Amino acid sequence: NPLLKLGALELARNIKKGNVSPLEVVDAHIERIEHVNPKINAVVANRFERAREEAIEAGETLARGEEVGPLHGVPCTIKETYRLSGMPNTAGSVHRKGQVSMEDATAVARVRSAGAIPLGVTNIPEMAMWLESYNNVYGRTSNPYDTTRHPGGSSGGEAAIIGAGGSPFGLGSDIGGSIRMPAFFCGVYGHKSTGGLVPMTGHFPRGKGKVERYSVGGPICRRAKDLMPLLRIIAGPDGKDADTYAMELGDPSAIKWKDRRVFVLPNLGARLSVGPNLDQEVALKRAALAFENKGAIVDEWTSERFRDAVLIWGSMLSEGSTGPSFGEMLGQGKEPNYALELALCAAGMSRYTFPALVFGAAEKFMKRTDDDKFIAAGRALKRELHELLGDDAILLAPTHPRAAPKHNAPLLRPFDFIYTGIFNVLEVPATACPMGLGSERLPVGVQAIGPVGGDHLTIAAALLLEKENGGWAPPLGSLD
């Protein structure tokens, strides 16, 4: 269906012109979800009937000639960690099974006020804290390009259904790459906003303290041109999230690349992680060439501090959190008995998933005595990146060392997330940009990183790369 290939704003324009009705657009996406979801398990609870009713109402509003919002009649999906009125908000925890939202999260309310029609909520890892999206409430989500592989986490269900053509856009959240990794694995666009730009009111789980600036919201979509309009809709203080502040957003379309500095980070070089494979190296070189061809000044850059990126990320998260530990949130106020639950997990009887138990146990029993050293290194790295980028340059880097791995592979290589995670604690914006399909017919891509408040720069980079490389390549055949 051609409607499944259009971006959110393109759909909105066609609806407003009367070329297609909101109900036709909503029905097309519902039909696609019903076709692909049994194979990928991305949408874990739907509101299809209510969405159809809202689409009919949206058509009637247009017929009356009333003013409408920029997303009027456009369907979307929402990560299950956001409150969506009438829908579950479990964060994949069996303790919260049956929990239903009575109101919308701020970001959700804003896209709905702009006219969007949510179709349902999408899968996540338990407590939104793992590289792969599965839990004991909803089960496992698969990658639309190859169902033997995973779509990433924690916004894995969101990226999977968008990559499969079932939704033009959705809302994700990101504390270590949870928007960018799934977007990369599923061949779509994902934007991690500058820390403090998007209010996270109504998102669960939610930390307290500085860590709130590391955990951010942002859009995931199939067309780069939708990123900035969506970001403008959800950005800005809501009077409830004290860590959100007003920030002027620039115009991506005004960015000219001639003589602009573009830095390339070929390999993070972090301990405990590995270097990018050939497909990712080629994607990064192709991206750099696109900017060179526009007259940009392209140079390689790296920092020795990236070697300690995993420890920097962990130490800064630990230092920045003044609320309950992950384990306390996992057990809803009381940490699990890790020895007992791990034994039960081995027998397939635990209430918790293995990654969540390992993460909670590591947090509890592996407290470091040298956190201050790595916190200082993180702050120095933040200054170094600021001096490098100024207010007008970008950094291109791999989003992950390899394309979507097989299910359970992250258990063997859990620290590869650091290619994205390190930029959360630096509080800078970053956009995952697809670069087509690699040698395994799986999505490849890069991430564009900008200075604090430079969200328009990384989105401008995504626009250029979409124009030069084609962007999202639908998984034709793999789900049909």
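Visitor: Which residues of H15 are buried?
Guide: The buried residues of H15 are Ile418, Tyr419, Thr420, Gly421, Ile422, Phe423, Asn424 and Val425. Buried means under 20% relative accessible area, exposed means over 50%, and partly exposed is in between, with a 1.4 Å probe and protein chains only. Helices (H or I, at least four residues) and strands (E, at least two) are DSSP runs, numbered from the N terminus.

Visitor: And what does that say about the helix?
Guide: Eight of the eight residues of helix H15 (residues 418-425) are buried, so the helix is largely enclosed by the rest of the structure. Just after H15 comes Glu427, with a positive phi of about 65 degrees.

Visitor: Is this model predicted or what?
Guide: This is a predicted model, where local features need pLDDT of at least 70, side-chain atom pairs count only at pLDDT 80 or more, and totals for chains, interfaces and linings use all residues. Residues are numbered from 1 along each chain as its sequence is written, and side-chain values use heavy atoms, with hydrogens and water left out.

Visitor: OK, new topic. Which residues of H1 are buried?
Guide: In helix H1 (residues 8-17), they are Ala8, Glu10, Leu11, Ala12 and Ile15.

Visitor: What covers them?
Guide: The cover includes helix H2 (22-40), helix H3 (48-63) and strand S6 (169-174). After H1 comes Gly18, with a positive phi near 85 degrees.

Visitor: Which residues touch the most other members in the largest nonpolar core?
Guide: Leu71, Phe169, Trp257 and Phe291 do, in a core of 69 residues. A nonpolar core is a set of buried Ala, Val, Leu, Ile, Met, Phe, Trp, Tyr and Cys residues joined through side-chain atoms within 4.5 Å. Helix H16 (residues 455-469) gives the most to this core, with seven residues. Apart from this core lies another, of 53 residues, among them Tyr352, Ala393, Ile418 and Ile422.

Visitor: What is Phe291 in contact with?
Guide: Leaving aside neighbours within four places in sequence, Phe291 is in contact (heavy atoms within 4.5 Å) with residues including Trp257, Val262, Ile394 and Leu465.

Visitor: Zooming out, how many helices and strands are there?
Guide: The protein chain has 16 helices and 13 strands. Of its 480 residues, 62% count as buried. Along its principal axes, the C-alpha trace spans about 65 × 60 × 45 Å.
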